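My notes are below the display.

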Amino acid sequence: MITEFSDLAISVGVVGAALLIVFIAWNLIVRRRRDAYQYTPSSLDDVADAQIEEGEFRSSIISEQIEERVKQILDEQGLSLGDKLDFGTASDGSLRIWVSDQAYDEVDHIPDSSIRDAVKKAVDEFNL
């Protein structure tokens with residue numbers, strides 16, 4: 001009887017030691033992977049030049065980023081709108097685009113095709 005108990009104790013000890021070794025190895029692997037991966041969200045780079053200027057309607061930082069890019073595109077085309085173009089958040093949370101004090105809830109409703117095209121181009125670039 002004692003030899004059976006002794007064999008059982010040895011078996012449990014060996015299995016326990018093996019599980020402990022597996023646990024330690026797993027922990028080391030997980031830590032190494034976590035430490036090797038330095039997370040820097042690219043979205044921070046994407047919104048680096050977004051500006052919320054005084055007197056502007058409030059909108060998400062991404063909308064502000066796209067607004068700045070639209071202004072750049074229009075400037076490159078010689079169609080500077082400056083503060084006559086503003087992205088804001090409507091009361092329902094959707095995006096509202098202001099062009100010369102006129103609000104548009106849909107890009108396709110903006111009558112000036114150069115502004116529509118600039119907004120679409122800026123959104124496409126942002127989504128790359």
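This is a predicted model: local features need pLDDT of at least 70, side-chain atom pairs count only at pLDDT 80 or more; totals for chains, interfaces and linings use all residues.

These are my entries, in the order I looked things up.

**Entry 1: the overall fold.** I listed the secondary structure and got four helices and three strands. Reading along the sequence, I wrote the order down as α-α-α-β-β-β-α. The protein has 128 residues, and 23% of them are buried.

**Entry 2: the core.** Which residues have the most contacts inside the largest nonpolar core? I got Val70, Leu85, Phe87, Ile97 and Ile115, in a core of 14 residues. I then looked up which elements give two or more residues to this core, and they are H3, S1, strand S2 (95–99) and helix H4 (113–126).

**Entry 3: a nonpolar patch outside.** I turned to the surface next. Leu20, Phe23, Ile24 and Leu28 form a nonpolar patch there, and together they have about 410 Å² of accessible area. I placed Leu28 in helix H1, which covers residues 2–36.

**Entry 4: salt bridges.** As a reminder to myself, side chains of opposite charge can pair when their charged atoms come close. I counted five salt bridges in this model, and I took notes on some of them.

I started with Glu67 and Lys71, whose side chains meet in a salt bridge at 3.1 Å, N to O. Both residues lie in helix H3, four residues apart, so about one turn of the helix separates them.

Next I looked at Arg69 and Glu76, which form a salt bridge at 3.5 Å, N to O. Arg69 is buried, with a relative accessible area of 18%, whereas Glu76 is exposed at 59%.

Then I went to Arg96 and Asp105, with a salt bridge of 2.7 Å, N to O. Arg96 is partly exposed at 24% relative accessibility, and Asp105 is partly exposed at 44%.

**Entry 5: Leu79.** I wanted to know where Leu79 is found. I located Leu79 in the loop between helix H3 (61–76) and strand S1 (85–89). What does Leu79 contact, leaving aside its neighbours within four places in sequence? I got Leu74 and Ser114. I checked the spacing to Ser114: the two are 35 residues apart in sequence and 8.5 Å apart in space, C-alpha to C-alpha. Leu79 has 37% relative accessibility, so I wrote it down as partly exposed.

**Entry 6: back to helix H3.** H3 is one of the elements that give two or more residues to the core. Glu67 and Lys71, the salt-bridged pair, both lie in this helix, and the loop that holds Leu79 runs between H3 and S1.

Definitions and conventions:
Residues are numbered from 1 along each chain as its sequence is written. Side-chain values use heavy atoms; hydrogens and water are left out. Patches are made of residues with over 30% relative accessible area and no salt bridge: like charges are joined within 9 Å, nonpolar side chains (Val, Leu, Ile, Met, Phe, Trp, Tyr) within 5 Å. Accessible areas come from the Shrake-Rupley method with a 1.4 Å probe; for residues, only the protein chains shown count as cover. A salt bridge is a side-chain nitrogen of Lys or Arg within 4 Å of a carboxyl oxygen of Asp or Glu. Buried means under 20% relative accessible area, exposed over 50%, partly exposed in between (1.4 Å probe, protein chains only). Contact means heavy atoms within 4.5 Å. A nonpolar core is a set of buried Ala, Val, Leu, Ile, Met, Phe, Trp, Tyr and Cys residues joined through side-chain atoms within 4.5 Å.
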